[in-house]
Amino acid sequence: MTEGRLAVRKTYKLYIGGAFPRSESGRSYLVGGPNGAPLANAALASRKDLRDAVVAARKAQPGWAGATAYNRGQVVYRVAEMLEGRHAQFAEALVAGEGLSAEQASAAVDASVDRLVWYAGWADKFAQVAGSANPVAGPYFDFSIPEPTGVVGVLAPQVSSLLGLVSVVAPIITTGNAAVVVASEARPLPALELAEVLATSDLPGGVVNILTGRTAELAPVLAAHRDVEALDLAGAADGTEAELEVAAADNVKRVLRRARAEPDWAADLGPARMLFFVELKTVWHPIGV
């Protein structure tokens, strides 16, 4: 930047239904780095914005679930390709927003790309791992088949704002679900940059929706929303999980609890998080019919 020139900070919007609307409240908040330096402005999502995001996710989910597993894998892989193409930009955002060294930031972006590629490979394989042909006494075929849960609410990890985010969102969409994500409150910029990647990839609008704002304000609304079938509490604040689980129980949501300690998101997480958001449906069919 030219010496003496005023910095023009970006004002990020929400990502809902494949579009970038402003918060209906008109509110925004200043995002700063670890040293307190101002970085950008982010929209302060309201309850109405969250409800709009759920509507968008509900509309998009059946079509996404109905796509072939091979096609979903291609789309997730395309997101990885585009993230790789903006590697330097994301690394810079992690240096500024998380205070990582250039080497650490580069490694986090690499790991995020690799995680997307890994889940893309699972798209047409998890059904074989989670499903089964069941032996039964009688002239029947009996199959257990995994199906997506539906709309999943996500409280994104607060610390690992890119790798943690990718690690919780990728398994949800790989299995045919749609996601409504509340990004890290203090470190939302990588999530907002990822929204721009998603918008220009082949992912249908509404499959992933990203909101920024006060987690304490949005989390209870997300947990209680009756059109959300599951909840990932990865980024829930200390002492709030019990309240959120009670709210989620009203329509019997699946709830994935927050780990007691911050996970090592760079470690091999295995398929468990992905399989948590599928439901096994069993089908009987007479043999020979």
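**Entry 1: helices α3 and α4**

I started at the crossing of α3 and α4, which is right-handed. This is a predicted model, so I kept in mind that local features need pLDDT of at least 70. I looked up the geometry of the pair next: α3 covers residues 87-98, α4 covers residues 102-122, and they pack at an angle of about 125 degrees with their axes 8 Å apart. That angle makes α3 oblique to α4.

Then I listed who touches whom. From α3 I noted H87, F90, A91, L94 and V95. Across from them, α4 brings A102, A105, S106, A108, V109 and D110. Sorted by class, I get eight nonpolar, two polar and one charged residues in this contact.

**Entry 2: helices α8 and α9**

I moved on to another helix pair. Here α8 (residues 215-224) packs on α9 (residues 241-248) at about 30 degrees, and I have the axes 7 Å apart. How do α8 and α9 run relative to each other? Angles under 35 degrees count as roughly parallel, and α8 and α9 are therefore roughly parallel to each other. I also checked the hand of the crossing of α8 and α9, and it is right-handed.

On the α8 side I wrote down A219, P220, A223 and A224; they meet E243, L244, A247 and A248 in α9. The contact of α8 with α9 divides into seven nonpolar, no polar and one charged residues.

**Entry 3: the five-stranded sheet**

Sheets next. I found an open one of five strands, in the order β8-β7-β6-β9-β10, with parallel pairing. Which strands stand at the edges? They are β8 (208-211) and β10 (254-256); each has a single partner strand, so one side of each is left without a neighbour in the sheet. Neighbouring strands in this sheet are turned by 15 degrees against each other on average, direction ignored.

I zoomed in on β6 (residues 151-155) and β7 (residues 178-182), which pair in the parallel sense over five bridges. One bridge I noted there puts V152 with A179 in β7. I also looked at what covers these strands: helix α1 (residues 47-66) lies across β6, β7 and β8, and runs at about 170 degrees to β8.

**Entry 4: the three-stranded sheet**

I then went to an open sheet of three strands, ordered β4-β5-β11 and paired antiparallel.

I followed β4 first. Two bridges join β4 to β5 (residues 140-148), and the two strands run antiparallel. S132 has S144 in β5 as its bridge partner, while A133 stands opposite F143 in β5. I looked at the connection too: β4 and β5 form a hairpin with six residues between them, and G138 in the turn has a positive phi of about 145 degrees.

On to β11. β5 and β11 pair in the antiparallel sense over nine bridges. I picked out Y140, whose bridge partner in β11 is P286.

**Entry 5: the whole chain**

Last, I stepped back to the overall picture. I have 10 helices and 11 strands in the protein chain. How compact is the protein chain? The radius of gyration is 20 Å, close to the 19 Å that the globule rule gives for 289 residues, so the chain is as compact as a globular protein of that length. For the record, I also noted that the C-alpha trace spans about 80 × 35 × 35 Å along its principal axes.

Terms used: Residues numbered from 1 in each chain as written. Predicted model: local features only at pLDDT ≥ 70, side-chain atom pairs only at ≥ 80, totals over all residues. Heavy atoms only, no water. Axes fitted to C-alpha atoms, helices over the stretch in contact; angles between N-to-C directions. Helix = DSSP H or I, 4+ residues; strand = E, 2+ residues; numbered from the N terminus. Parallel < 35°, antiparallel > 145°, perpendicular 65-115°, else oblique. Left-handed = near helix turned anticlockwise from the far one by under 90°. Contact = heavy atoms within 4.5 Å. Nonpolar A, V, L, I, M, F, W, Y, C, P; charged D, E, K, R; others polar. Pairing = 2+ DSSP bridges. Rg over C-alpha atoms; globule rule 2.2 N^0.38 Å.
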